[in-house]
Amino acid sequence: MAIKNRLTREQIAERAALELPDGAYVNLGWGIPNLIAGYVPKGVDIIFHSENGILGMGPRAKEGEEDFDIVDAMKAPVTVLPGAAFFSQVDAHMMTRGGHLDVSVLGGLQVSERGDLANWKVPGANSSGGIGGAMDIAVGSRHLIVTMEHVNKFGETKIVKICTYPLTALQCVKTIVTDLAVIDVLPEGLCLREVAPGVTPEEVQSMTEPKLILPRRIPDMPISSRRLAQNS
Amino acid sequence: MKNKIYPSADAAVADIKDGTSVMFGGFGGAGFPHELIRAVGRKGSRNLFAISNNCGTNDSELGVLFKNKQIHKVIAAFPGPQSIYFQQQVETGEVEFELVPQGILCERMRAAGAGISAFYSPVGVGTEVAYGKEERVVYGRRCILESALLADYAFIRAHRADPLGNLTYRKAARNFNPVMATAAKITVVEVQEIVPVGSLDPETIVTPSVFVDRIVEVGKSRGN
């Protein structure tokens, strides 16, 4: 079953950006998480961490102004903001694994009902890719948000009772932001906090394997960027 | 004073035997010892055991050595989508591969450098990384035992060196380089520039000279 009114990747990022408190130290992973930096609301100051050894990372470098000794974890040339610091990989992962960052946002292939995350390998895929820093980040995160599409390209839900893909870490995810909903991982189960505008809680449930906890009031996800996903 | 300065990258790697274990610094295009990698390519040492965050980008970085089929075993955290020769050789079984989470990779090096044999860590618990590793609960948290990772050589890149081997790095090109310098029997560094003893501010030195054995000045070297 296809659901209309799914959000775009940019809109998922826009919504996830609202989860970042002012002054937070934040690590953003590959994919949708990487888009979040562009949607931080005015008046909210975030100090971005890059696992290769930067705190205070700024936007991508303009073409012609790149310094290839300043790259982010995706190898893209970036800038640094006043107050930035450079440090080694050891220190960078002391920050992730040691629980020093306030929020981390990772992409996901599957999230389970108790907050297990699988995000680094599709079963049967060839050896490309790899774990990178995801396991250290997931294990050490004080507050881990996963942003992802709710359903994979095969039409299967990515929010499952038990992860069947290779795991990244157990019981680490606190909040899931998808193209259909915002869902919190609570000790008693998955709780539907918000739905995408035009999407019903029943539709979200139909695309989610575990039974969702439905509070009395489930507001729309506040999205201001316009373009809704064009899908059938 | 012991002379640590070598006239060329080729001279600095001239004794790399077949079967040697080598750590290679660098992350995301920054801080790679490109000239040392190329020199090992020219020397042609085989059956190398490479320890590196990733496995090259096409014909650059470690791709040089995979293309030449000089590596038989590798430990990495993120081989990378462009590591084409590595991917091919893993599929054919020519290369043996161990995947290690990135933070654990550098922590295992740090342990080796610090004389710690092993440590318990919660990273990888319940995942395929934990296979074959001792698990125990420490302070109420499930952990697995990770061992120190020591190599025969570390090939690293720094910005400036003095002839003693004190090193400074440039921006995010620091990455794995300082910890690798501590975790190898012989650390070989390529630098943009060698400056006189006393000209580096002691407050800014990241790798103290005790960790460095060989220095080569290569200028502003980049990948292919």
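The largest nonpolar core of this predicted model holds 134 residues. Such a core is a set of buried Ala, Val, Leu, Ile, Met, Phe, Trp, Tyr and Cys residues joined through C-beta atoms within 7 Å. A residue is buried if 20 or more other C-beta atoms lie within 10 Å of its own, exposed if 12 or fewer, and partly exposed in between, with C-beta atoms placed from the backbone. Ala138(A), Met23(B), Ala154(B), Phe155(B), Met180(B) and Ala183(B) touch the most other members. Strand β8 of chain B (residues 151-161) gives the most to this core, namely 7 residues. Helices (H or I, at least four residues) and strands (E, at least two) are DSSP runs, numbered from the N terminus. Leaving aside residues up to four places away in sequence, Met180(B) touches Met23(B), Gly25(B), Met109(B), Ala154(B) and Ile156(B).

The model is predicted, so local features need pLDDT of at least 70, side-chain atom pairs count only at pLDDT 80 or more, and totals for chains, interfaces and linings use all residues. Residues are numbered from 1 along each chain as its sequence is written, while chains are lettered from A and ligands numbered from 1 in the order in which they are written.

Between the chains, 34 residues of chain A are in contact with 38 residues of chain B. Contact requires C-beta atoms, placed from the backbone, within 7 Å. On the side of chain A that touches chain B, the elements giving two or more residues are α3 and α4 (134-140) of chain A. The largest share of that side, 5 residues, comes from α3(A).

Helix α3 of chain A (residues 89-97) crosses helix α5 of chain B (residues 102-114) at roughly 125 degrees, and their axes come within 9 Å. Axes are lines fitted to C-alpha atoms, for helices over the stretch in contact, and angles run from 0 to 180 degrees between N-to-C directions. α3(A) is therefore oblique to α5(B). Angles under 35 degrees count as roughly parallel, over 145 as roughly antiparallel, 65 to 115 as roughly perpendicular and the rest as oblique. The crossing of α3(A) and α5(B) is left-handed, meaning that the near helix is turned anticlockwise from the far one by less than a right angle. Gln89(A), Val90(A), His93(A), Thr96(A) and Arg97(A) of α3(A) meet Gln102(B), Gly103(B), Cys106(B), Glu107(B) and Arg110(B) of α5(B).

In chain A, 3 strands form an open, mixed sheet in the order β7-β6-β9. Strands pair if DSSP finds at least two bridges between them. β7 (117-118) and β9 (159-160) of chain A stand at the edges with a single partner strand each, so one side of each is left without a neighbour in the sheet. Strand β6 of chain A (residues 110-112) runs parallel to β9(A), joined by 2 bridges. Val111(A) has Ile159(A) as its bridge partner in β9(A).

In chain B, the buried residues of helix α4 (residues 84-91) are Tyr85(B), Phe86(B), Gln87(B), Gln89(B) and Val90(B). Their cover includes α3 (63-67) and β4 (96-99) of chain B. Gly93(B), with a positive phi near 85 degrees, follows α4(B).

Positive phi also occurs in residues other than glycine. Asn58(B) has phi near 50 degrees and lies in the loop between β2 (48-52) and α3 of chain B. Asn58(B) is partly exposed, with 14 other C-beta atoms within 10 Å. Asn175(B) has phi near 25 degrees and lies in the loop between β9 (167-168) and α6 (177-182) of chain B. With 30 C-beta neighbours inside 10 Å, Asn175(B) is buried.

Note on methods: Contact = placed C-beta atoms within 7 Å.
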